[in-house]
Amino acid sequence: MGMTHIVDRRLNGKNKSAVNRERFLRRYRHHIKKAVSDAVHRRSITDIERGENVSIPSRDTDEPVFHHGQGGHREMVHPGNRDFVAGDRLPKPEGEDGQGQGQGQASPDGDGMDEFAFQITQEEFLNFLFDDLELPNLVRKKLKDTETFNYVRSGFSTQGVPAKLDVIRSLRGAHARRLGLSGARKKKIRELEAQLAELRSAPADLDAAFSHEDQIKALEDEIARLKANVKRIPFIDEIDLRYRQHLKQPKPATSAVMFCLMDVSGSMTQMHKDTAKRFFILLYLFLRKNYKKIDVVFIRHHTSAKEVDEEEFFYSRETGGTIVSSALKLMHKIIESRYSPAEWNIYAAQASDGDNWNDDSPVCGKLLTDRILPLVQYFAYVEITPQDHQMLWYEYERVQERFPESFAQQQISDPSEIYPVFRWLFERKAA
Amino acid sequence: MSDATDRPNGPGSEGPETRTPVSTGSEWTFELIGKYDEEIAKCAAEFGLDTYPNQVEVISAEQMMDAYSSVGMPVGYNHWSFGKQFLSTSKGYQRGQMGLAYEIVINSDPCIAYLMEENTLPMQALVIAHACYGHNSFFKGNYLFRAWTDASAIIDYLVFARNYVSECEERHGVDAVEQILDSCHALMNYGVDRYKRPAPISAANEVLRQEEREEYLQRRVNDLWRTIPKMDEDEDPVKRKKRFPDEPQENLLYFIEKNAPLLETWQREIIRIVRKLAQYFYPQRQTQVMNEGWATFWHYTLLNRMYEKGLVTDGFMLEFLQSHTAVVYQPPFNSPWYSGINPYTLGFSIFIDLRRICEAPTDEDREWFPDIAGTDWVKTLHFAMANFKDESFIQQFLSPKVMRDLKLFAIEDNDMEDSYTVTAIHDEPGYRELREKLARQYNLSYREPNIQVWGVDIRGDRSLMLRHVPVDRVPLGRDTEEVLRHAHRLWGFDVHLESVEEGLVVEDYHCPHAPPPDS
């Protein structure tokens, strides 16, 4: 086949450009973040999980170089003449000063797109969506409250239970030991054998006094002794044995449960509920980025609370008054029966229009402070109302003073505020 | 080189031999690619094509996009601009707005050519003929490539560059490195020696000399600035006016690398890397028409030769000719698809016509090309390939027939007049003028503004003065201010740029400050 070498590279990595692509996204992160944030407002609720088209003004992504501008005197040769003859004059197009036709590739400021448009993937979309956000108190949970462990390999030890015996390691050690112990002797044997062969091949001396017999005998004895010696080296010895060692490492709990608490009393309109849903979805996606396994518990309440499925949670209508504490009580009960804080990271988001039976608000405050907040990682309360706050908000303010790290509340008066509020609630706090 | 007498003649001039095609289907296999390459190599040898060994790499479309975005280099340092290129390539491709080019070929020894797995067998054969024998022999034979690039060292150098840049990123942060690279890229076209032959690239030498150079560079820079005497009142004013540099410098990046006062060593090294790569690509920028024309001429000639020998089927030729026709299509100036002269068309037309002039010269040819008409075409074409660049190649070999075939005409755009003027067309009085104008169009120093280092105020504010000499009053474009900011980032002190026409400053740019009046 001569000098040509044919190689199949198709199985080589195809993502050679991944780093460069990432560099590009990094450089234009502000543009992209804005596009992502706009997309969140624009998209329908169920549609948050896909990539996004992003456009950046070309001016911002162009790489500047020295080039010719317009003006002056220039000549260009073009193909496809029809009926021009030398000396013909052609009118210049109005308005565009000196913009010759066919400058195309020569001048970068001719036509061309004003926007540099590209696509980011769903994962990148979510990354930008949740950029700079973090789950509060994640670290604390990892280190302190962990009660599950991983066993990780950590080398070998000379002691252990038979079940952890590493055969290959042990045999390798034995082999090395045998080589080490017998090496010198085997070498000696080889030397002696060589001497022996030499003596034997030497012409026999007639004079008995000079006979090699004794020497040969002595050599043979010595060789036999050494060989026996070598043979006595055990094939495997106790000191060869190696056992696999394992270390107990605390394992961060990788499962989380998210409680969605919503007021569905008569005062909550569908608009309120949509806003709440979008907030919950953001939280859900965000949690999913951090945890392998997430349970979601939906609790809705008016005067009494009930655990429901997603469909019912968002779409069934109720009427009547509001007792928020009923939901908190139910949440606590569910934690106790199903989500031991030792194994679960617990998050809760509560949405309401702020309406509550006045006597109930202090009860809520007490429930949160005494029973719920000690168990959860984070509890976020959003009040969806354009109006003034009521009793519940002020009660919660006191809760926040006592638990600034694990409790936060914000008001959303317009759907466009969902994302900013979400960001505020989960903003990475300076360490 | 085979003897001219037993060389095959043009297509169709010999009766078809017994047809035993290499293959009949359109699906390729590695075995078939090997067989085709073997046969194409035999044909290439008949015409005396001298090539580096070939390395053909079959890749997927995604990998082709990767290769695209790094200007075809198999390895490169990381930079956002390559990511941008990748994003726009993949977007265009996914939407079906553009097909990927069939091939990318790298001027290296061995010569690396990429084949896309999606291609049909005739296309793979076309690419092999085009890249592995056309471009490859051009890289090996053309004087610019021979003198300015070292095919055997480029891959190692690219690896060296990538590793060095990524080490810098670790030590100094991605942002700091990106800033330097951005600025270098802005001046990249001004990072080449246009006349002086550069030292060959070598990764081993670079590493070896790096430490040595570190010390040396710094000492050199220090020397420059240390020899500045104090500004004594009584100093000789003539001496004070001594220029630095003595002569204007065309290689801006080189000048900055060697003389910028504040750069750290790693920054100088990065400038050096960008400048070396610019130099490596410089011959390609000057030989686009020739290089593509040569490769196109050879895929056309070699595959026709295969057909003559009965090695390919009629179906194969149909598919091949269809692609070939698309490649050399030249939309006329008034077509919506027109975007300048297609280098494939122009180059191919000139080479194919050169062959005609050798083999079947007319009276016109004898008058225009007395030295060439009727000579051995293989030798003449090799001579043309080896000893010219686009500008001189067009000036030398563009024939009246090609001008007529392409219906070339020249148009003048003078901002002092309110209409365009047709100055020459493809007719007897116009040929020479047309040819000159087209040749000039491919002169890089005509396409790019002429900007050089004019001087450094080494006794004053250390500002750097660049000088632009406009050609035909054409001013600088709108990126100028922005590029100056990059120059300023590298130089570290004020940078000025003046457009000087016949001793008069017609335009000036400053970053960040204009010099005080009367300095």
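Predicted model: local features only at pLDDT ≥ 70, side-chain atom pairs only at ≥ 80, totals over all residues.
Let's start with chain A and its domains. Domain 1 takes residues 16-60 + 115-129. Domain 2 runs over 162-245. Domain 3 covers 252-426. Now look at domains 2 and 3 of chain A. Their C-alpha centres sit 80 Å apart.

Next, one helix in chain A: α11, residues 360-372. Which of its residues are buried? They are A:D360, A:S361, A:C364, A:G365, A:L367, A:L368 and A:I372. Look down the axis of α11(A). The buried residues fall within an arc of 160°, so they line one face of the helix. And what covers them?

Over to chain B. Chain B has 519 residues, and 44% of them are buried. Its secondary structure comes to 21 helices and nine strands. Now take the contacts in chain B with a separation of 6 or more. Of those, 73% join residues 24 or more positions apart.

Let's zoom in on one residue, B:F160. You'll find B:F160 in helix α6 of chain B, residues 154-172. Is B:F160 buried or exposed? B:F160 counts as buried, because it has 23 C-beta neighbours inside 10 Å, and the cut-off is 20 or more. What does B:F160 touch, leaving aside neighbours within four places in sequence? The contacts are B:A203, B:E206 and B:V207. One more pair to check on screen: B:F160 and B:S202. They are 42 residues apart along the chain, yet their C-alpha atoms are separated by 9.2 Å.

Technical notes: Residues numbered from 1 in each chain as written. Chains lettered and ligands numbered in written order. Helix = DSSP H or I, 4+ residues; strand = E, 2+ residues; numbered from the N terminus. Buried ≥ 20, exposed ≤ 12 C-beta atoms within 10 Å, placed from the backbone. Contact = placed C-beta atoms within 7 Å. Domains from an automatic or database assignment. Arc of directions from axis to C-beta.
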